Amino acid sequence: MKVKDKSAVIFGNPMPEKVLRSAEKSKASYEKKFGSDAEKHYKLGFEKIETLDFLGAQNIVFKDKAEKFDEKALIVGNIRMGFGHYRISIAMASAARALGYTPYWLDLAGFEATGSKMIRAQNDLYSLASRISQKSKLFNSLIWEPLNSEGFKKITYNAKDQKNSELLVPIFEGIDKDVPYIATHVWPSQGAIHAGMTHVVNAVPDNWPMALHLSEGAIHAVQTPFAYLGYKTFNGFDKKPLKGMSEKELKMTGHFVDHELVVNLEQDNENRKKRVLENRPLRFLLTVGGAGAGFKQFLQVVEHLIPYVKEKKAALFINFGDHKNVYDKMLSSLGKIETVNFFDRYNELKEFKKSLEAEDVSGIYCICNSNIFEAVYSTNLLMNVSDVLVTKPSELAYYPIPKLFMRHIGGHEVYGAIHGREFGDSTWECPDPKSMANMLDSLLNDREILAHMADEITKQKAQGLYNGAYECVKLAASGR
């Protein structure tokens with residue numbers, strides 16, 4: 001298939017020759033490293049995703065013989081980069097199922113194809129830099145923060161991604177071009193557009209507008225008014241004024257949230273308020289990022305809460321994802337503490353969750369799963385029976401649960417925290433031990449704060465704030 005060049009002119013804004021040469025060089029280097037599969041004809045088939053059996057989700061894989069998609073198919077294109085893009089993908093699959101579609105899971109990093117190897121190589125670099133940023137203040141302040149907030153924002157950055165994403169096209173050969181398709185990372189969106197797909201929604205995960213997320217030819221779905229205005233004007237994407245996006249290309253949909261977390265949200269908040277105001281043990285749900293970054297502050301949170309756990313004023317649910325080494329590191333740092341562990345015991349965790357709907361609980365409960373879907377979804381599973389989520393302001397900043405924000409990792413996350421605190425369902429960002437300890441104490445000793453957050457979340461559901469995933473499905477189905 002001949003791929004139309006989308007790196008030369010981006011939304012009507014011509015790119016300099018120097019930028020185009022750099023983009024061509026980047027693509028050529030990946031082809032040299034991983035080989036070209038432009039002439040290959042991959043056949044696609046499906047495997048059931050057991051963890052997401054309640055969605056009927058099918059994983060798209062390479063097979064010897066091509067299999068046929070369901071007539072009501074909707075494809076969620078994603079990559080694993082930390083847990084965030086997988087979590088948003090689950091929300092899209094959930095909304096698709098709720099609206100009568102059969103969700104298919106397309107992890108473009110999961111194949112033995114040139115484009116997949118390119119994605120994995122870039123993800124490895126991103127994860128390494130993220131970890132270094134947490135250990136080196138100099139690297140973080142001089143390189144990582146500026147890159148994540150300003151470097152990725154420049155419109156010229158998009159040219160290289162567009163050119164590299166041409167390598168993804170062979171994976172799409174066996175997919176009908178009119179199948180509804182939602183991408184939860186820009187590369188799966190760009191790859192689908194290059195391959196000629198016609199019903200592509202590019203679900204933008206962050207509140208900070210960046211050219212990194214541009215995929216011309218797709219409908220760009222954003223979660224907030226701030227993101228909408230940023231993409232409408234391309235403000236700050238270049239030193240000179242640029243042409244922005246049209247209403248046809250840009251839609252503000254609301255937050256990307258699973259149907260299972262939205263459908264009974266009012267009752268979940270009433271249950272949450274009842275626990276909180278009756279001074280029952282507060283349930284803290286903590287997540288450890290897929291890249292393992294932010295460990296130092298995570299450790300400080302756990303250490304501060306241990307006395308409250310011993311006094312039966314708090315319970316900790318800690319999801320280590322698929323990083324058991326982080327659990328081992330926690331024990332090594334904190335010394336001997338009693339924990340109840342759900343390690344590769346996902347079905348038992350589901351039963352434990354049911355008990356939480358009727359019973360109080362205290363103690364420290366640690367969760368870790370080698371299966372990636374179980375690792376990601378364990379947080380979602382416990383969200384509606386928890387009282388406060390402790391997280392960096394990443395994709396979880398938009399979920400309907402009271403949130404306590406740790407320090408961001410990457411400057412783009414700052415604006416997720418700003419959005420949450422302005423909408424009243426979150427604390428401000430707590431970047432250091434003192435501010436975090438003060439906020440934890442406030443939540444535990446002034447229960448009205450969390451009750452107020454729960455009420456704000458209920459109001460926002462009535463306003464449609466959490467309908468973003470449903471709206472993305474509708475946009476993909478209609479193609480406009």
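To how many disulfides does the count come? The count comes to 0 disulfides, a disulfide being a pair of cysteine sulfur atoms within 2.5 Å. The model is predicted, so that local features need pLDDT of at least 70 and side-chain atom pairs count only at pLDDT 80 or more, while totals for chains, interfaces and linings use all residues. Residues are numbered from 1 along each chain as its sequence is written, and side-chain values use heavy atoms, with hydrogens and water left out.

View 1. Cys-368 takes part in no disulfide; the nearest cysteine sulfur belongs to Cys-366 and is 9.5 Å away. Cys-368 is buried, as its relative accessible area is 6%, where buried means under 20% relative accessible area, exposed over 50% and partly exposed in between (1.4 Å probe, protein chains only). Cys-472 also counts as buried, because its relative accessibility is 0%.

**View 2. Helix 6 and Ser-189.** Helix 6 spans residues 186-194; helices (H or I, at least four residues) are DSSP runs, numbered from the N terminus. Of its 9 residues, 9 are buried, among them Trp-187, Gln-190 and His-194. Ser-189 lies in this helix and counts as buried because its relative accessibility is 0%. Beyond its neighbours within four places in sequence, Ser-189 is in contact (heavy atoms within 4.5 Å) with Tyr-181, Ala-183, Val-200, Asn-202, Ser-215 and Ala-218. Just after helix 6, Gly-196 has a positive phi of about 95 degrees.

**View 3. Helix 2 and helix 13.** The axes of helix 2 (residues 84-98) and helix 13 (residues 372-383) come within 10 Å and cross at roughly 75 degrees. Helix 2 is therefore roughly perpendicular to helix 13, a term for angles of 65 to 115 degrees. Axes are lines fitted to C-alpha atoms, for helices over the stretch in contact, and angles run from 0 to 180 degrees between N-to-C directions. On helix 2, Tyr-86, Arg-87 and Ile-90 meet residues of helix 13 that include Phe-373, Val-376 and Tyr-377. The residues of this contact divide into 6 nonpolar, 2 polar and 1 charged.

**View 4. Nonpolar cores and Phe-317.** The largest nonpolar core has 60 residues, of which Met-92, Ile-182 and Phe-317 touch the most other members. A nonpolar core is a set of buried Ala, Val, Leu, Ile, Met, Phe, Trp, Tyr and Cys residues joined through side-chain atoms within 4.5 Å. A second, separate core of 38 residues includes Val-276, Tyr-327, Ile-364 and Leu-444.

Technical notes: Helices (H or I, at least four residues) and strands (E, at least two) are DSSP runs, numbered from the N terminus. Angles under 35 degrees count as roughly parallel, over 145 as roughly antiparallel, 65 to 115 as roughly perpendicular and the rest as oblique. Ala, Val, Leu, Ile, Met, Phe, Trp, Tyr, Cys and Pro count as nonpolar, Asp, Glu, Lys and Arg as charged, and the others, Gly among them, as polar.
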